[in-house]
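This briefing is for a reader who is new to the structure shown below. Please look over the sequence and the model before going on to the notes.

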Amino acid sequence: MKTVDTVIRGGTVVSSQRIVKASVAIDNGLIVAVGDDEVMPDARETVSAEGLYVLPGAIDSHVHFRDPGYPHKETWKTGSAAAACGGVTTVFDMPNTNPPTGTLEALAMKLKAAESSYVDFGIHALFDDSTVATLIDLLDGGATSFKAFVGNTFGNLPAPSDGALLEGFETLAPLGIRTTVHAENSSIMARRQKHLREAGRTDPLAHLAARPAVAEIEAIGRIITLAEWTGARVHIAHHSAADSLYLLREAKRRGVDVTAETCPQYLLLNTVNMLDLGGLLRVNPPVREPRHNEPLWRALLDGVIDMIATDHAPHAPEEKTRDDIWECDCGFPGVETQMPLMLTEINGGRAAITDYVRWSAEAPARAWGLQGVKGVIAPGAHADIVLVDMGRSENLSQYRLQSIGKISPWHDRQVKGCPLHTMVRGRFVVRDGELLEHTAGWGQSIKPVQRMPPARVAHPDTTTRAITEPGAAEREARATAGEASCKIHR
């Protein structure tokens, strides 16, 4: 048997299905064997994992690295360093940078900035009225997926019209490409905020009052309707409200390909914390009343919500501490603290560590076309691995964050369960909790290995293309009739 690059010996390997004592052999960036230590090949480097859990690296499909455009808030290098130190080995970056990632030129700028990344990455390109005609061009240029800001957030990008959403979903459905949606109703929120400001409300809870749960309910319902009609794949970002969970549950029951994420802030924080932390906790959607926390946990456990993401969105401290809530920028760092926060809950018995692997790695890999390549410790997969000490306790500190935006609602929170070593495609980027700075630039786009499952198109005879191109409707009708005939005679 040939000598391999690395063997991780004697750890506890975790998947969503089982926990097993095993060693892991790695060669040329890939996992080549998982099993008993005595059958492992010789290795140029041996790493002891005795007493540690061996997890697949987390995949965070929702980060804002602010690059290009806002280097005082974050850069690709600092954001990806935060990811690596937090046990996150793949990120998907959002398009509300400056310029927004909605043209080939802006996409090229972002890909250039990402050359400094410590971790692997995908790029969500912008989906709005201005880009709906060029979605395929953006995919060809290196985008892996799309983001539609149906609700207003940082960057003040205009929400796509319903017509543009339908047309874009018609374009993306046959390709099987998933669109992330910030699902809040912009019209409701703008009107509410105007009334609140006119009434002199500048207190922290005014932000929540401007963005009621009904804004999320309406937007999710609208997105599901358009996705179901076209067969497009959609992903609901930062799900925050208990009241809209029934929409996801029913859509999944009907077979709509909708996935959803929630974030630690919606599981662990609420308006009680908002009263203490003020503008620091301003985020979109807002942190809500305590009644929402427990239903979101239950939705994670039963699969209505598929995964954990962070909405990592750093700002300078002075941008988060203004007296007027409307003047405080929305968002805060999260990619570095997600894993210890969630593992603390696992240690406390909230869920099993197998559940955590499903939420943080396996479900996002499946949603974004990386199943079998990332998110799992198995032969043939990328060696994206995190060694975790489940018994290690520490206090989180905003001053130790790799992120430039060193202000966090998790500051001084005690956690138990910490990532120690992070490996991306077989190379350590963090060892003993210390970032290996010479590995900047090791990260790569996941585009070459992304393989979305076969598409399931609906109503192709009613698409914009079908009604505007000569003969297209007839071709679609014949194709649909042919498919139906095949099904009848099988």
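This is a predicted model: local features need pLDDT of at least 70, side-chain atom pairs count only at pLDDT 80 or more; totals for chains, interfaces and linings use all residues.

Residues are numbered from 1 along each chain as its sequence is written, and side-chain values use heavy atoms, with hydrogens and water left out. Helices (H or I, at least four residues) and strands (E, at least two) are DSSP runs, numbered from the N terminus.

- Eight strands form an open sheet in the order 6-7-8-9-10-11-12-13, with parallel pairing; two strands pair if DSSP finds at least two bridges between them.
- Strand 6 (58-63) and strand 13 are the edge strands, each pairing on one side only.
- Strand 11 (residues 233-236) runs parallel to strand 12, joined to it by three bridges.
- Valine 234 is opposite valine 258 of strand 12.

- Strand 9 (residues 145-149) is largely enclosed by the rest of the structure, because five of its five residues are buried. Buried means under 20% relative accessible area, exposed over 50%, and partly exposed in between (1.4 Å probe, protein chains only).
- Ser145, Lys147 and Phe149 point one way from strand 9, while Phe146 and Ala148 point the other way.
- In a regular strand the side chains alternate between the two faces of the sheet.
- Strand 8 (residues 120-126) pairs with strand 9 in the parallel sense over three bridges, and alanine 125 stands opposite phenylalanine 146.
- Between strand 8 and strand 9 the chain passes through helix 3 (residues 135-140), in a β-α-β crossover that is right-handed (with the strands pointing away from the viewer, the path from the first strand over the helix to the second runs clockwise).
- Strand 9 and strand 10 (residues 178-182) run parallel and are joined by four bridges; threonine 179 in strand 10 is the bridge partner of phenylalanine 146.

**Helix 4 against helix 7**

- The axes of helix 4 (residues 162-172) and helix 7 (residues 213-230) come within 9 Å and cross at roughly 35 degrees. Axes are lines fitted to C-alpha atoms, for helices over the stretch in contact, and angles run from 0 to 180 degrees between N-to-C directions.
- Asp162, Leu165, Leu166, Phe169 and Glu170 of helix 4 meet residues of helix 7, among them Arg222, Ile223 and Leu226; contact means heavy atoms within 4.5 Å.

**Helix 11**

- The residues Asn293, Pro295, Leu296, Trp297, Ala299 and Leu300 of helix 11 (residues 293-302) are buried.
- The cover over these buried residues includes helix 8 (245-254), strand 12 (258-262), helix 13 (338-347) and helix 14 (353-367).
- Glycine 303 follows helix 11 and has a positive phi, near 90 degrees.

**Two single residues**

- Histidine 62 lies in strand 6 and counts as buried, because its relative accessibility is 0%.
- Leaving aside neighbours within four places in sequence, the contacts of histidine 62 include Lys147, His238, Glu261, Asp311 and His312.
- Asparagine 284 sits in the loop between helix 10 (271-277) and helix 11, and counts as buried at 5% relative accessibility.
- The C-alpha atoms of asparagine 284 and tryptophan 410 are separated by 17 Å, and the two residues are 126 residues apart along the chain.
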